[in-house]
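Biologist: I'd like to learn how to read a model like this one, feature by feature. Could you give me the general idea each time and then the case at hand?

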Amino acid sequence: MNKTRTLLAALSVSLLASTSAFAGDVRIMWYSDGVEGDVIQDILNRFMKDNPDIHVTLDNVAYKVIQEQLPIQLEAGQGPDIARVTNIKELAQHWLDLRPLVADPKYWEDNFADRLDWMRPDGSNAIPGFMTQLTLTGGFANKTLFEQAGVPLPGDKATWDDWVKAAAEVAKSQQLPAAFAIDRSGHRISGPNVSFGANYIGPDGMPAKVDDGTKAFVGKLVDWTAKGLMLKDTWVSAAGSTYRAAADDFINAQIPFYYSGSWQVANLSTKIGDSFDWVATGSPCAIAGCSGVKGGAALVAIKYTKNPKDVAKVMDYLAREDVVKEFSERTLFLPAHKGVVDKGGLKWVSADKNVGPALDKFVKAAGETLPAADALPPWKWANAYFAALVTRVSQVMAGELSLDDAWGRIDQDIADKVAEAK
Amino acid sequence: MTAAATLKAGIGAALAAPVVWLASIVNVPLKFWQRATGTGGMAAFFLAPNMAIFGIFVLVPMIINFFYSATSGTAYFLQDRTYVGLEQYQRLLDCGNYLDTATCHEDLFWKAVHNTGLFVVVQVALMTVVSMATALILNREIVGRSFWRAVFFFPVLLSPVVTGLIWRWILQRQGLLNLIVHDLGGEPHNWLTDRFWAFTAAVSVSVWAHMGFYTLILLAGLQAIPRDLYEAAEMDGTKPARVFWRITLPLLMPNLLVVIVLALIRAVQIFDEVYVLTGGGPGTSTLYITQYIYEIGFASLLRNPGLASAASILMGLVLVVLTLVQLQVGRRGERKGARE
């Protein structure tokens, strides 16, 4: 009889363990672009050693899971306790306000104040989390290919036309399939659009109609694609707003110039190794400036957690200055912590000679972004704009739409999404 | 009885004991139920679990989907959504000319409808012809017949994602096909960014992936045709083509109809392997209805579950109509056959 009772008790305990969170259990949903999954696990192991009453489980998932499945879990009032996300503003209603839970809210405000608006509902003073990294869109050039072709790398103030012309010469000389590629993403083409004078945000804070700045750069992009200067595959070989990176084409030395962002540094370093030399170029210039768009990934607490106090302890630890510094140095991500940035002296953990100068270039380029670009990360309708741009511009590149028709469609798509979300 | 046989019987009885015990427990209420409700009640009893599963996982989601289609907003819970009646349907059907997608408010939906229509016509025709030809060949006395049957059925066992990835690696710019073309001295082509070739690839890959299943159905039908009919035709000196048209095809018609109906339904629902293969591109030339619904409902940066639900209900209605038409044609064929 006693044995039966013991067995039943064990069964009940294991059932409970599989269905609900115990005090002290914290689950983090995490995605990785490079080595950050290993780094954060290492840091969490140290945290658990210091805090044996808290067990942190790191669920490494694909980025697609974060983008597509997490929002549905959150809508259902479920999900992990903490998540690393890029869709920061739109899901802000699901983040936990850590202000009453963290040890020192002032520390959070002092060090993350600039970016807290990116992750909280408009008008709120909540502390939902912190940016694990800042990103900035920008270009990369295959220095070895340029040298082999005898084409000098365009300088700091080179325009988009200069870069495409130089890259085209390299592609021709080295018999490459294209001169350059930009990731298939509305976020990625927004820096160039802003550099050409675009402003997505109307005076009332709502989406403005497609303006001449956007028309100028997108018109060039379509033209470059038609001429075979931009790699057609990345944008044309998908429908809708599907994200496609062109990193593999750059890594395989198929294109001499690649426009993506700072988060690619670790990826390029790992995969290119010493196959060729590469440099970060910043964002090419145009009539309004040489702007990229800032962004990044945030680690946020989820308000449906059953263990808010433990979550706050984990977040407090991960937001510590020394931890953020170590995380940035080992992952090669730009830090978003004011104390870390102000003190400087980051020692990037990489034997790759291309990495340090590339990250320094991005830090420098971060000071050159235009106000119209800086306004995008905390703007609620940025994703609506990005999605409409990608969908319609790729249709134009595929020959399904004219540019004139595309402008009308982009405006209509955005208006529909605004109406639907209201 | 030998010791081995005794042991075998003992093991059999031991294994059967829990089943017998369970049956004796179930027997009591079942007897009572049969007495109370008769044989009709027993049928209902045995159907109930299946119907419950069907209800929970098919019927209830369908009803919920219908409610979603009458609401708007980005929230997922029905209580958080705004009732808008038939607005989502009006938005989908708002079109100046249904043949010109540029005149439609939801032009991507109509692109997907047109693309799906073309895909269904070409793919189902090709699938039927290829499956029929394969079944006819595999029904003959060829060397290694069992091996070839397994070979043609093998792709059916593959996950659609695996199928899509395999063919993507073959057809992409730096893929296997271009490597072969290059080695043979030809000019490599960007197959998946060319509208014609992307469509051709989508159709061919889906035929390759599923024809084994339909071949099996047709093969079963061919083997059920009495041999004496062919022997009689041979004795009469009937030409092979006439034998096919006058004996094989009419007697295979029920199986053929099943194949066409199943292939049609599957083709209208095409998604996974083409999504992985082409992503719906180039442009929107391989964007099909299911992908449109998926993108709008789940993958888009700003989701619209109401519009996606409305589109899925319209797609469901088309499937119901197509199935009814096919069944009607099948019944007419059977009645005609019976009269003859």
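**Reading the model together**

Modeller: Let's start with one residue: A:Cys290 counts as buried, at 11% relative accessibility. Buried means under 20% relative accessible area, exposed means over 50%, and partly exposed is what falls in between (1.4 Å probe, protein chains only).

Biologist: And what sort of model is this, and how do I find a residue in it?

Modeller: It's a predicted model, where local features need pLDDT of at least 70 and side-chain atom pairs count only at pLDDT 80 or more, while totals for chains, interfaces and linings use all residues. Residues are numbered from 1 along each chain as its sequence is written, chains are lettered from A and ligands numbered from 1 in the order in which they are written, and side-chain values use heavy atoms, with hydrogens and water left out.

Biologist: Back to that cysteine. Which residue forms a disulfide with A:Cys290?

Modeller: General idea first. A disulfide is a covalent bond between the sulfur atoms of two cysteines. Here the working rule is a pair of cysteine sulfur atoms within 2.5 Å. The partner of A:Cys290 is A:Cys285, with the sulfur atoms 2.0 Å apart. A:Cys285 is buried too, with a relative accessible area of 6%. The link is right-handed, with 90 degrees about the S-S bond.

Biologist: How many disulfides does the structure hold?

Modeller: Two, over all chains. B:Cys95 and B:Cys104 form a disulfide with their sulfur atoms 1.6 Å apart, and both of these cysteines are buried.

Biologist: Let's stay in chain B. How many helices and strands are there?

Modeller: Helices (H or I, at least four residues) and strands (E, at least two) are DSSP runs, numbered from the N terminus. Chain B has 12 helices and two strands.

Biologist: What radius of gyration does chain B have?

Modeller: The radius is taken over C-alpha atoms, and the globule rule is 2.2 Å times the number of residues to the power 0.38. Chain B has 27 Å, whereas a compact globule of 340 residues would be near 20 Å. Along the principal axes, its C-alpha atoms fill a box of roughly 80 × 65 × 50 Å. As for burial, 40% of the 340 residues of chain B count as buried.

Biologist: Which share of the contacts in chain B joins residues at least 24 apart?

Modeller: A contact means heavy atoms within 4.5 Å. Take the contacts in chain B between residues at least 6 apart in sequence: 61% of them join residues at least 24 apart.

Biologist: What about backbone angles? What is phi of A:Gln175?

Modeller: Near 55 degrees, a positive value in a residue other than glycine. A:Gln175 lies in the loop between α6 (160-173) and β5 (180-182) of chain A, and it counts as exposed at 73% relative accessibility. A:Leu332 isn't a glycine either, yet has a positive phi of about 65 degrees. Its place is the loop between α13 (321-331) and α14 (338-343) of chain A, and A:Leu332 is buried, at 6% relative accessible area.

Biologist: And omega? Which peptide bond is cis?

Modeller: The one from B:Gly281 to B:Pro282, with omega near 0 degrees. B:Pro282 is in the loop between α10 (272-278) and α11 (289-299) of chain B.

Biologist: Last one: what covers the buried residues of α15(A)?

Modeller: Helix α15 (residues 355-365) of chain A has several buried residues, including A:Val355, A:Leu359 and A:Phe362. The cover includes β4 (129-142), β6 (257-261), α11 (264-272) and β7 (278-282) of chain A.
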